[in-house]
Amino acid sequence: MCLNKNVVLMALAALLAAGCMTAPRTDRKTQMLMDELDGYLTTRELYMAKKMDQLDAYRQLIAATQDPAGRYELEMIAASDYFPFSFDSTQVYLKSAQALAQKLSDKERYNQATIALGHLYGKAGNYFEASQILYDQIDTNQLSAPLKAEYFWVLYDFSKDMAGNSGMVERMSIPPAAAYRPALYRLLTPDTPRYRWILRDQLMDEGRLSAADSVSRLLLSDVRPEDRDFAIHAFFQSEIEERRGNAYERMHWLVKSAECDIVNAVRDYASLTMVAQLILPTDVDRSFRYLRIAQEDALVYNAKLRPWQISRFLMQVEDAYQDRQARASRSSKVWSILLAVLTVILSLVTHFLIVRSRKLAKLRKELEKSNNSLALANVTLNDLNQQISKADRVKEKYILSFLQGLSAQVSVIRTEDNRFRNLLKQGKADQLLKELSISGRSEKAREEFYETFDTTFLGLYPDFVDKFNSLLREEAREFPPAGHLTTAQRVFALIRLGVDDSKAIATMLDYSLSTIYNYKVAIKNAALGDREAFESQVKAIGK
């Protein structure tokens with residue numbers, strides 16, 4: 001039985017290695033951020049309903065207001081609330097406000113509504129219309145000081161958007177954003193958010209990232225996490241972290257920005273799309289789900305900028321999907337090779353058992369010649385025969401389990417890949433995104449892998465948990481449900497199988513290297529005996 005067990009352990013180690021030949025995994029800290037963001041997304045419809053109620057109240061109040069001046073003020077407030085929610089509704093209210101201002105013969109109010117309309121067109125990607133309004137319809141000599149500051153701010157923001165997104169249209173000849181900074185510095189006071197906003201942008205352009213970070217965090221401290229401006233400031237903080245090479249901090253601020261967008265029921269945003277792009281190499285399904293949500297919101301908002309930006313990302317989506325297909329194909333080949341190797345190994349085990357059975361039969365004949373040793377020989381032979389029978393059952397059990405698991409996995413992969421390939425050929429990107437968004441294949445595979453590992457290992461070492469706990473102090477002992485192992489027990493189960501390298505253990509169990517190290521240190525510190533000899537004691541379990 002000793003040889004049989006060692007051979008099966010070799011096969012199990014091979015299965016563990018194959019199980020690790022999957023797509024790269026999201027690290028634990030980033031995974032926690034994604035889980036937090038998913039929690040916000042599950043309540044997204046509630047925030048949308050609340051926003052719709054608020055906007056409906058504005059509509060009713062505006063409809064009941066007869067005074068043109070009062071109606072103008074209400075329509076400008078409604079347009080401000082609609083600005084990140086609906087392009088069409090914002091446009092309707094701003095044009096209505098223009099008409100009311102003309103009726104009142106109020107040039108200041110007319111210019112205010114016109115500047116806001118130009119800003120809307122610029123943010124929505126209607127650059128030609130925005131340019132016509134902002135550069136041809138506004139006379140700066142007729143603007144009050146506050147409205148002039150608003151006008152130059154909109155020109156500054158429009159120029160920044162043009163510089164970042166003019167690939168979708170022919171580049172227009174407008175001044176760069178930096179050209180408006182001197183005027184804005186004169187019109188704004190240093191303690192205002194917009195003054196700090198412009199200063200942060202300038203510091204970023206100059207590469208003074210530490211100073212830019214200080215100004216950015218000052219902006220963040222002046223708003224609450226649920227305020228609309230928090231999402232914008234958090235997005236720019238993520239850009240600072242990107243330039244400083246802080247990948248996790250960049251993701252952290254993008255997630256915070258996306259969460260704030262969800263709370264404010266914003267439909268014109270960039271953060272969630274950026275998150276989807278960043279996690280695509282490690283979490284294709286979640287990336288598709290985020291992208292689908294962003295695409296739906298962009299289409300409902302009805303501006304051309306965001307859908308264009310998302311459509312550029314679809315090429316990366318297709319590349320990621322093809323890469324996943326290639327990995328699945330390689331994985332199938334590896335599993336086929338492992339099946340062949342396991343078949344050879346089990347054949348050798350069968351041959352060994354047959355040879356040993358013949359030797360035992362010969363030994364039985366010799367023992368029968370001695371009456372004095374007959375009883376002892378019978379007992380010994382019975383034990384050996386039971387071991388042979390048990391070994392045969394173990395062999396058949398693992399062969400059947402392995403073949404069934406492999407067959408099911410190959411069938412599922414082949415069915416899904418054929419369907420996804422057909423959808424791509426037919427140009428049904430939306431349907432592909434929806435189907436991939438509900439696919440939990442990678443998570444299911446990982447759970448099935450853990451279950452297979454626990455079942456197989458405990459089948460070979462049914463008393464491992466008890467003997468492992470006997471090496472620890474009472475407060476450190478863990479008692480998982482029957483047929484299962486805890487994470488710490490899996491770590492030392494792999495050590496029992498001969499996997500000593502912490503990096504290999506981390507890869508096999510899909511944990512970070514630091515997590516595996518912490519588990520090993522914590523368990524060794526709880527050992528009853530010499531902690532340095534603990535791993536040797538674990539390796540001796542079952543021998």
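**Entry 1. Overall make-up**

I counted the secondary structure of the protein first: 24 helices and zero strands. The model I am reading is a predicted one. I then looked up burial and found that buried residues make up 45% of the 543 residues. For contacts between residues at least 6 apart in sequence, I noted that 67% join residues at least 24 apart.

**Entry 2. Helix H2**

I took H2, residues 28–42, as the helix to go through in detail. H2 has 15 residues, and from its first C-alpha to its last it reaches 21 Å. That is close to the 21 Å expected at 1.5 Å a residue.

Which residues of H2 are buried? My list reads Thr 30, Leu 33, Met 34, Leu 37, Asp 38 and Leu 41. Viewed down the axis of H2, these buried residues fall within an arc of 140°, so they line one face of the helix. I checked the face turned away from the buried side as well, and it carries the exposed residues Met 32 and Thr 42.

Next I asked what covers the buried residues of H2. The cover includes helix H3 (44–64), helix H13 (247–263), helix H14 (271–279) and helix H15 (284–301).

At the N-terminal end of H2 I found a cap, Asp 27. One of the side-chain oxygens of Asp 27 lies 3.2 Å from the backbone nitrogen of Lys 29.

**Entry 3. The cavity**

How many cavities of 30 Å³ or more does the structure hold? I recorded one. About 80 Å³ of space lies in the largest cavity.

I wrote down the residues that line the largest cavity: Leu 41, Arg 44, Met 48, Ala 258, Asp 261, Ile 262, Val 266, Tyr 269, Leu 272, Ile 293 and Asp 297. Leu 41, in this lining, is also one of the buried residues of H2. By helix, H3, H13 and H15 each supply at least two residues of the lining. H13 gives the largest share, three residues. H3, H13 and H15 are also among the helices that I noted as covering the buried residues of H2.

**Entry 4. Asp 201**

I looked up Asp 201, which lies in helix H10, residues 193–205.

I then looked for a polar partner of the Asp 201 side chain. The side chain of Lys 160 joins that of Asp 201 in a polar contact of 2.9 Å. Leaving out residues up to four places away in sequence, I found that Asp 201 touches Tyr 156, Lys 160, Arg 181 and Phe 236.

**Entry 5. Positive phi at two loop residues**

I turned to the backbone angles. Ser 105 has a positive phi of about 55°, although this residue is not a glycine. I placed Ser 105 in the loop between helix H5 (87–104) and helix H6 (107–124). Ser 105 is exposed, at a relative accessible area of 66%.

Ala 265 is another residue other than glycine with a positive phi, near 55°. I placed Ala 265 in the loop between H13 and H14. Where Ser 105 is exposed, Ala 265 is buried, with a relative accessible area of 2%.

How values were computed:
Residues are numbered from 1 along each chain as its sequence is written. This is a predicted model: local features need pLDDT of at least 70, side-chain atom pairs count only at pLDDT 80 or more; totals for chains, interfaces and linings use all residues. Side-chain values use heavy atoms; hydrogens and water are left out. Helices (H or I, at least four residues) and strands (E, at least two) are DSSP runs, numbered from the N terminus. The expected span of a helix is 1.5 Å times one less than its number of residues. Buried means under 20% relative accessible area, exposed over 50%, partly exposed in between (1.4 Å probe, protein chains only). The arc is that of the directions from the helix axis to the C-beta atoms. Contact means heavy atoms within 4.5 Å. A polar contact is a pair of N or O atoms within 3.5 Å; within protein, one must be able to donate a hydrogen and the other to accept it, and residues adjacent in sequence count only if both atoms are side-chain atoms. On a 1 Å grid over the protein atoms alone, a cavity is a set of points where a 1.4 Å probe fits but cannot get out, and a pocket is an open set with protein on both sides within 12 Å along at least five of seven lines; lining residues have an atom within 4 Å of a point. Grid points are joined across faces, edges and corners, and a volume is the space filled by probe spheres set on the points.
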